[in-house]
Amino acid sequence: MAAQLEQVRDLEADLAICEYAAPAPIRTKPCMCGHCDKLFLDIAHSEGRLDPEDARFIVEARVGWPHAIRRAIAAEAQVDKLQEEIRLLHDLLHEQGIPWD
């Protein structure tokens, strides 16, 4: 298998966090100080407060997204390896005259 992942996250729970966060797009807006190029998230509610579920999404996404992507890459590599092994097995059986359905 590919490199051992640091800790297996519960991707179902991560997906629930994503789906529970605000459905509106999360945008950035530039700092208005005129002296820097910092960007700020623009997801505050009309009262000007950040929803706790949106904050949780942002925090968890920082770790969860890279983790999920690494797992997807490892899974794709494993699928490729297994497909190649199936092809080799098919060829071997064909050479020996053994039918493959």
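Of the 101 residues in this protein chain, 13% count as buried, where buried means under 20% relative accessible area, exposed over 50%, and partly exposed in between, using a 1.4 Å probe and protein chains only. Before I go on, a word on the source: this is a predicted model, so local features need pLDDT of at least 70, side-chain atom pairs count only at pLDDT 80 or more, and totals for chains, interfaces and linings use all residues. Residues are numbered from 1 along each chain as its sequence is written, and side-chain values use heavy atoms, with hydrogens and water left out.

Now the layout. The chain has 2 helices and 2 strands, in the order α-β-β-α along the sequence. Those come from DSSP runs, H or I of at least four residues for helices and E of at least two for strands, numbered from the N terminus.

How do helix 1 and helix 2 pack? Their angle is about 140°, and their axes are 9 Å apart. That makes helix 1 oblique to helix 2; the word covers whatever is left after under 35 degrees (roughly parallel), over 145 (roughly antiparallel) and 65 to 115 (roughly perpendicular). The axes are lines fitted to C-alpha atoms, for helices over the stretch in contact, and angles run from 0 to 180 degrees between N-to-C directions. Helix 1 passes helix 2 in a left-handed crossing, that is, the near helix is turned anticlockwise from the far one by less than a right angle.

On to the pocket, friends. A pocket here is an open set of points on a 1 Å grid over the protein atoms alone, where a 1.4 Å probe fits, with protein on both sides within 12 Å along at least five of seven lines; lining residues have an atom within 4 Å of a point.

Which helix gives the largest share of the lining? Helix 2 does, with 6 residues, and helix 1 (11-20) and helix 2 (52-95) each supply at least two. The lining includes Leu15, Phe57, Ala61 and Trp65. By class, there are 8 nonpolar, 1 polar and 3 charged residues.

Let's look at Leu15, which lies in helix 1. Leu15 counts as partly exposed because its relative accessibility is 44%. Its C-alpha is 9.9 Å from that of Ala61, 46 residues apart along the chain.

Last, Lys29, found in strand 1 (residues 27-30). Its C-alpha is 6.3 Å from that of Leu41, 12 residues apart in sequence.

Definitions and conventions:
Nonpolar A, V, L, I, M, F, W, Y, C, P; charged D, E, K, R; others polar.
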